[in-house]
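Please consult the sequence and the structure shown below while reading.

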Amino acid sequence: MLGASRRSLSVGARFRGAASCRALSPSVSSSDLTNKVSDSEHGAPQFQKRLFTLLSAPNSFGFDKFRQSNLRESIIINRRYESNAAAVDSSNSSCEKFEYQAEVNRLMDLIVHSLYSNKEVFLRELVSNASDALDKLRYLSVTDSDLLKDGVDLDVRIQADKDNGIITITDSGIGMTKQELIDSLGTIAHSGTAKFLKALKESQEAGTASNLIGQFGVGFYSAFLVSDKVVVSTKSPKSDKQYVWEGEANSSSYTVREETDPEKLLPRGTRLTLYLKHEDKGFAHPEKIQKLVKNYSQFVSFPIYTWQEKGHTKEVEVEEDPTETKKEGDDDTTAEKKKKTKTVIEKYWDWELTNETQPIWLRNPKEVTTQEYNEFYRKTFNEYLDPLASSHFTTEGEVEFRSILFVPSFKKEELMDTKTKNIRLYVKRVFISDDFDGELFPKYLSFVKGVVDSNDLPLNVSREILQESRIVRIMRKRLVRKAFDMILGISLSENKDDYEKFWENFGKFLKLGCMEDRENHKRIAPLLRFFSNQSENEFISLDEYVENMKPEQKDIYYIAADSVTSAKNAPFLERLTEKEYEVLFFVDPMDEVAIQNLKSYKEKNFVDISKEDLDIGEKNEEKDKEIKQEFSKTCDWIKKRLGDKVARVDISNRLSSSPCVLVSGKFGWSANMERLMRAQTVGDPSSLEFMRSRRVFEINPEHPIIKSLNVACEANPDDLEAMKAVDILFETALISSGFTPDNPSELSSKIYEMMGTAFAGKWTTGPAEVDPSPPSPPPGTQNSEASEAEVVEPVEVGQHK
């Protein structure tokens with residue numbers, strides 16, 4: 001079939017083309033036309049063209065007189081015909097009636113009643129059809145130049161009549177013969193539509209939502225989404241006759257007739273006239289048509305003109321006030337009277353180019369300036385700040401597509417799990433959708449914005465196709481790779497402020513990627529940033545950490561806390577700080593989980609210094625054995641006292657100034673993780689108790705308190721004061737290690753009691769020791785008064801103190 005298109009999954013042949021046309025809005029008056037002819041400011045060629053447009057308008061616009069002029073003969077010679085929105089007379093005697101093929105009828109019913117949720121895609125489909133018709137004509141004209149003998153420009157023109165609810169879409173493409181018209185619009189060849197209908201029915205019976213992107217590009221039949229009646233008038237350059245196809249939305253048949261009205265003949269192509277439903281007449285507004293074209297068909301390779309109202313300024317005469325007196329010395333007979341004028345805006349209707357035929361992503365990246373990229377970004381994504389970085393690339397091979405990606409300057413106030421519209425998918429420069437849920441980009445890279453244009457995907461792209469297509473999987477892999485390259489470029493930039501800004505806004509997204517995307521760990525890890533005990537005010541990368549490691553250091557050390565202050569004062573760092581080992585501070589709730597998923601970096605394992613069995617490279621087996629033997633009884637005694645609160649009591653190798661510390665089991669939760677799990681609203685209390693039982697109590701054998709407890713254990717293990725000291729020691733270690741005590745008030749009571757015991761008599765006996773022989777009381781003073789003075793005087797001294 002000459003005019004058939006294979007773009008639609010639902011039809012084997014979609015209609016082709018429409019003639020190049022010029023349409024006149026009903027709002028144009030004959031007086032406007034006269035003004036244009038007389039106004040020489042706009043130049044003769046421009047107004048001649050405008051007159052051609054006006055004079056070739058249909059009879060319904062009231063220009064019968066102008067059609068009789070000589071100018072109209074020039075228009076006929078130049079073969080420039082205008083579109084019209086008048087109803088097609090189907091009462092012609094040569095009109096033939098045809099029945100739709102059964103599948104077409106079922107498909108139209110689905111389209112109108114259940115398939116589409118977004119009606120506005122009808123214009124995208126019909127403009128794409130027109131573009132296909134122009135493409136086919138251009139291709140065939142290479143071998144047959146006679147196809148272009150009419151000399152009509154290759155373009156698409158859309159006119160909207162908002163008063164009558166009519167849209168006319170005209171192209172100067174290949175057009176169709178009578179048989180092609182019947183085959184394309186009335187029957188379905190081998191198109192897979194029956195299979196689609198069956199699958200759709202099965203999904204509906206199974207209760208599955210048919211979430212379609214695009215939605216399902218059914219081409220010409222999408223016109224019935226908004227139309228009660230559709231009229232197609234088409235002229236093929238291979239036929240001497242023009243034919244008219246007419247169908248209604250709720251009809252099982254259509255008519256085809258020959259066009260006999262000379263006023264409606266086309267030099268070549270197809271004119272599609274939509275008579276909109278009452279509730280859809282809003283689509284017939286010129287502004288609405290222009291907006292839809294800019295959104296969906298902005299980068300179609302042929303010019304798209306829409307019929308728009310315009311205006312230009314004009315000077316007009318103003319009548320003078322008759323009461324105005326003449327100036328002295330004026331001679332009416334010799335001096336010309338000065339005319340007064342004012343500026344007015346004269347409105348008129350004309351064609352306006354609506355699309356850009358050369359999208360920026362099809363240009364050579366070397367020829368596009370940074371300013372052009374920034375302007376495209378702000379305009380496309382409605383931003384007011386320039387992006388931090390952009391990446392313009394083309395991939396070739398088994399899958400070919402072009403893309404431009406951007407990293408925004410800031411994060412909008414939206415949740416990570418909120419659907420974004422940051423990736424705009426085009427197929428052959430026709431916009432398909434920006435509503436994706438992880439098909440082209442993983443969720444953790446949802447902040448990346450850009451456009452993707454592929455020639456390998458069908459226009460009828462459903463979410464199911466995107467999820468199952470091998471092409472999409474390859475595209476996703478390459479897009480993700482390019483996105484990471486772009487972010488890495490920011491991190492290596494000389495301007496460090498750019499990456500600090502990026503990390504502040506999007507660092508959490510990359511940490512989420514550590515949890516979700518194991519395949520890209522090697523790309524994510526170099527982009528991570530953290531504070532450390534040697535860099536408390538400036539972020540460092542893992543590469544910088546590895547570069548600064550001591551020669552004898554084997555692992556990457558870290559500690560998780562709720563703040564940098566808490567982390568740097570934790571007792572776990574004491575021995576590591578003495579050895580000048582760098583320790584990363586994980587102060588963000590996501591840090592610890594993200595690193596646990598990474599496990600290692602450049603063959604260096606991540607080690608939590610708050611976990612048991614910490615190896616810092618200091619091992620003296622003989623000395624360690626002696627210390628364990630010396631304090632083994634004390635460790636057992638402390639464990640018996642603490643009971644199930646700890647898994648065991650060990651000698652610590654990480655402490656230097658603190659008497660003890662409470663560390664987590666190798667596979668248990670750290671203090672930071674336990675704090676986060678407590679905050680969970682649906683946490684499991686039983687798992688919390690299990691992880692708590694894995695704690696290990698480590699003591700510092702060099703500390704005086706531990707040495708005193710060791711003596712107490714040897715002398716009197718049942719001493720209540722020593723047992724109370726163990727309890728207080730454990731509770732204090734609990735707090736200093738980042739855990740939360742179960743009963744803070746009980747701990748406070750124990751501390752107050754110990755303070756009272758320690759301070760008892762300290763200040764009351766102090767003055768007596770300084771002055772053991774107080775002066776004798778004066779004569780005549782009673783002994784009771786002297787005794788009372790001896791008791792009160794030190795208290796008064798203490799109070800002054």
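This is a predicted model: local features need pLDDT of at least 70, side-chain atom pairs count only at pLDDT 80 or more; totals for chains, interfaces and linings use all residues.

## Positive surface patch

Helix H12 (residues 470–491) supplies the largest share of the patch, namely three residues.

Lysine 482 is located in helix H12. Its relative accessibility is 31%, so lysine 482 is classed as partly exposed.

Strand E17 (residues 556–560) is largely enclosed by the rest of the structure, because five of its five residues are buried. Ile556, Tyr558 and Ala560 point one way from E17, while Tyr557 and Ile559 point the other way; all are buried.

E17 is paired with two strands described here, E20 and E18. With strand E20 (residues 604–608), E17 runs parallel and is joined by three bridges; in this pairing, tyrosine 558 has aspartate 608 of E20 as its bridge partner. With strand E18 (residues 583–586), the pairing is also in the parallel sense and extends over four bridges. Here tyrosine 557 stands opposite valine 583 of E18.

## Salt bridges

Side chains of opposite charge can pair when their charged atoms come close. The model contains 29 salt bridges.

Within helix H6 (residues 121–140), arginine 138 and aspartate 135 lie three residues apart, about one turn of the helix. Their side chains meet in a salt bridge with an N to O distance of 2.9 Å. Arginine 138 has a relative accessible area of 38% and is therefore partly exposed; aspartate 135, at 30% relative accessibility, also counts as partly exposed.

## Salt bridges between distant parts of the chain

A salt bridge of 3.8 Å (N to O) joins the side chains of aspartate 588 and lysine 511. This pair links distant parts of the chain, 77 residues apart: aspartate 588 is in the loop between E18 and helix H18 (591–598), and lysine 511 is in helix H13 (residues 496–516). Aspartate 588 is buried, with a relative accessible area of 15%, and lysine 511 is buried at 6%. Lys511 and Asp588 also belong to a network of salt bridges that includes Lys508 and Asp591.

Lysine 550 and glutamate 580 form a further salt bridge through their side chains, at 3.3 Å (N to O). Here, too, distant parts of the chain are linked, 30 residues apart: lysine 550 is in the loop between helix H15 (542–548) and E17, and glutamate 580 is in the loop between helix H17 (574–578) and E18. Lysine 550 is partly exposed at 27% relative accessibility, and glutamate 580 is partly exposed with a relative accessible area of 49%.

Conventions: Residues are numbered from 1 along each chain as its sequence is written. Side-chain values use heavy atoms; hydrogens and water are left out. Buried means under 20% relative accessible area, exposed over 50%, partly exposed in between (1.4 Å probe, protein chains only). Two strands pair if DSSP finds at least two bridges between them. A salt bridge is a side-chain nitrogen of Lys or Arg within 4 Å of a carboxyl oxygen of Asp or Glu.
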